[in-house]
Amino acid sequence: MSAAFLAGEAAGRAVPVVAGVLGAGGVAVAALPSRVRMRAELRRRWRTWALAAPLFLGAFFLGTAGAFALAAALGVVAVGEYARMAALPRGEQAVLAAAAVTLPALAWAAPSALDLRTAGVLLLAAAAVALFSSDTSTGFTRACRTAFGLLWIPVPLTGLVLLGDTAVAVGVAVAFGDVGAWCGGTALGRTGPLSRPLSPLSPNKTWAGVIGCAAATVAALASIGAFSPALWAAVLTGCVAGDLLESMVKREAGVKDAGTWLPGFGGLLDRIDSLLVALLATMVVTL
């Protein structure tokens, strides 16, 4: 049975689960009283979820071509946001954008080409612009930031193509995990030991949020018939580490969000930071 068919089947199983949760969430945010401080913010987030969910799941109904299109589109936007935060010149931005399209294309058309040869090409590409511009002051920093961007964004997004039906499960579980982390932090993370922050990089992320995320990701994977301990561990790792990783980048860049165009979230990277690490971790444990 083809990976494209399995991905479409997994998306079909996920549709009623996601639709049910979105419906319940829509009723909940609509019923919030005006005195709730985050009412407007939560409504914006729900509208973004309601638009993003069919786009994500719909791509997999189109098979590997749809998964490629999704990965490439996410990658081009995300590397643009990262390049601005990392203050990368146009040459490095072009390298990142090219990789954001080329790597998912290889995963679609020639997955066997994604090996050590590809890793070598990526390393050379990351350093090439700085090398040939003879940048003696910031060349090494530019090359390192470009290499990090390649590993952080285009490489994990190839998982949307390579993982097939598992990619659907990861995407849905990460989305549930983000909501679960917020609910857990709100309900359990105000006082006591669970209110301790995970890291100074993101003081609002607490151990209570991790508990909420863990419960939500289990529920998501089980509800679409994809639960396994290894996959759950990969998704939970992505949800926790992905957010902290982006917080580290944003803190050094001195910005609150990666962008301003995505209602309720900021930029695309603010929405997919956990997904990127979860996809990478899932490829490690499954491929």
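Guide: Buried means under 20% relative accessible area, exposed over 50%, and partly exposed in between, with a 1.4 Å probe and protein chains only. This is a predicted model, where local features need pLDDT of at least 70, side-chain atom pairs count only at pLDDT 80 or more, and totals for chains, interfaces and linings use all residues. Residues are numbered from 1 along each chain as its sequence is written, and side-chain values use heavy atoms, leaving out hydrogens and water.

Visitor: Why does Cys144 count as partly exposed?

Guide: Its relative accessibility is 38%. That lies between 20% and 50%, so Cys144 is partly exposed.

Visitor: What makes Cys213 count as buried?

Guide: Cys213 has 2% relative accessibility. The limit is under 20%, so Cys213 is buried.

Visitor: Why is Leu231 called buried?

Guide: Its relative accessible area is 7%, so Leu231 falls under the 20% limit. Leu231 sits in helix H11 (residues 229-253); helices are DSSP runs of H or I, at least four residues, numbered from the N terminus.

Visitor: Which residues does Leu231 contact, leaving aside neighbours within four places in sequence?

Guide: Contact means heavy atoms within 4.5 Å. Leu231 contacts Thr166, Ala169, Val170, Leu221, Ala226 and Thr282.

Conventions
Helix = DSSP H or I, 4+ residues; strand = E, 2+ residues; numbered from the N terminus.
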